[in-house]
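Hi everyone, thanks for coming. Let me put the structure up, and then I'll walk you through a few spots in it.

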Amino acid sequence: MKGLPPVLITAIVLVAGFAACAVQFPNIASTRVVGNLLTDNAFLGIVATGMTFVIISGGIDLSVGSVIGFTTVFVALAIEHWGVPPLVAFVAILALSAVFGAAMGAIIHVFDLPPFIVTLAGMFLARGASFLLSTESVPISAPVYSTVSDFALRMPGGGRLTAIAIVMLVIVVGGALLLQLTRFGANVYALGGNRATASLMGVAVGKMTVKIYMLSSLLAGLAGIVFSFYTSAGYSLSAVGVELDSIAAVVIGGTLLTGGQGSVIGTFLGVLIQGMIQTYINFDGTLSSWWTKIATGILLFAFIALQQGLVALARRPAAKPGGAVS
Amino acid sequence: MTALLPRRGIAQILALIVILAVDRVVSPQFFDLRLQDGRLFGSLIDVLNRGTPVALLSLGMVLVIATRGIDLSVGAVMAICGAIAASLADSHSLPVVLAAALGAGIVCGLWNGFLVAVLGMQPIVATLILMVAGRGIAQLITEGRIVTFTSPDLVWLGNGAILGVPVPVAIALGMLILTGAVVRGSALGLLIEATGGNARASELAGVGTRAMILAVYVWCGVCAALAGVIAAADIMGADANNAGLWLELDAILAVVIGGTSLFGGRFSLILAVLGALIIQTMNTGILLSGYPPEFNLLVKAVVVLAVLLLQSPKLSGFAGIMARLRRTKS
């Protein structure tokens, strides 16, 4: 039941929003549009799943956008210039991302530093490293890319469920199961609830912190591979600002930013809401794309204010005046 | 000045001197200054001039961080205020333009401060909202175009000179003195530090913590607005997409390099500005040495990590690391 009410609200917002869009543009309610929406947001869904774990555990990972950028450049260069088979390149970059995340988690834990600033340094590092590799867009022409891009499951109504959308759905379902059904998931909630209590109850805080950031970076690496399939290129400036989009998706999905509550399914709905806003703006044609940012900001505010209200209600018996920042 | 320049500033000053020396090796003309058309020119002046936006941002940011907060929205606020200044510049007089831009900065600061102080949101989240939406708002003001202007008054703010000193540098210096006089000339600085040290205890001791928090975010908004106006005046236009992009990170970095703890409770204005100058001296040095500017990011990452590790509360020397590792293993 963890975090169910906020998720329900997210679901209602999504359905109501979709209905409103469909009333205005009947064409939106087709599997074609839904299929495209899933494909366009595949990388965001994957990276936001990892972010959900980090945020539930009480942390934050600002480096994911840069890791995606680095991954696309690395994969493109490895396949096109260094002659590495695509599969080997994928395994190498996933391993590299995992080590990168583990290192950030270790620094956060061992030196007791705020996750926000450590992952900020990680963001600079990964983006700088991708610039070092190449500052130009590197097209990928490996046969596996065209094969995968052509592959799609036909949905009724002519929609295409592409390979990268399927990967995203698998990750979302896998992430949800990992979070809800395993000891690892329970420990993530425990860490976010109260670090000291979790430690006293026998959660290995250090190991968990390392694993959580490793998972986030690993999924960011996977999102980078998916992104390279999506664009068929590697570019060091790709996915700038994705960390904000994914944090927004997590928050809109009802995950508490202070940690301890939330769900992967909610995050998935949050990704869909952002995709829906984008789709609406595309359909409308007269609105500029910057309305997406304003709408996302308003939604962010609405959901955080809602959470704040819920938390305040829950704490009312313990009446804590002052509203101090902590 | 003792209150402004504590002994712990020696490391930063040494760092600046070392980087300046490296720059001198890279570019022998680095310290050359010449006076032309009543304005000083040279690499050093260039460092000061280019460093102005980050220095201004760090002046506001350091106070916010002292209260244990953070303001991620300063880059977006720069874009909004730059856009307002650029749109009004050709039709209104300079005081009106400045008042509108600074007013917008105050409104942005009030919004952030309201979310943090009154609604009790985590600062990183509260300011994230404006960071995301702010650039959209700036685009709304410029209608998606890059707004250019020709008003000589506003251009003077970015490119003019007072007694040979570029106007942006003079403004930043003025703001440093003003901020220093207000927070260190009164008990205000102490109260801000108290709020960051322990908000609850300060509240019980009679400190108006909410008012303190609101005030520092407003001041941060004002500083960001000034930086936005100067950035717009410098390029004679407002680019809502790129004005102030990533500068919030530079400002935080400057504050961290300046030795202000991210855990709140103590701050130094002058060291934060020194931090901004260190960053800009590195940037200029990297440019002069012919490395691609992208190299900056890597250098910054290494610097911020090194400073953080030195600042780590769990770390006092090598013995601290070993003890910590042993405890982690057990």
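In chain B, helix α2 (residues 43-66) and helix α10 (residues 209-235) have axes that come within 8 Å and cross at roughly 175°. Axes here are lines fitted to C-alpha atoms, over the stretch in contact, with angles from 0 to 180 degrees between N-to-C directions. So α2(B) and α10(B) are roughly antiparallel to each other, a label for angles over 145 degrees.

A quick word on the source: this is a predicted model, where local features need pLDDT of at least 70, side-chain atom pairs count only at pLDDT 80 or more, and totals for chains, interfaces and linings use all residues. Residues are numbered from 1 along each chain as its sequence is written, and chains are lettered from A in the order in which they are written.

Which residues meet? On the α2(B) side they include L56(B), G60(B) and L63(B), and on the α10(B) side they include W219(B), C223(B) and I230(B). Contact means C-beta atoms, placed from the backbone, within 7 Å. By class, that's 18 nonpolar, 2 polar and no charged residues.

Now over to chain A. Most residues other than glycine have a negative phi. D112(A), though, has a positive one, near 55°, and it's in the loop between α5 (86-110) and α6 (115-133). S232(A) also has a positive phi near 55°, in the loop between α11 (205-231) and β4 (233-234).

Buried or exposed? D112(A) is partly exposed, with 13 other C-beta atoms within 10 Å; S232(A) is partly exposed too, with 15. Buried would take 20 or more, exposed 12 or fewer, and partly exposed is in between.

Note on methods. Helix = DSSP H or I, 4+ residues; strand = E, 2+ residues; numbered from the N terminus. Parallel < 35°, antiparallel > 145°, perpendicular 65-115°, else oblique. Contact = placed C-beta atoms within 7 Å. Nonpolar A, V, L, I, M, F, W, Y, C, P; charged D, E, K, R; others polar.
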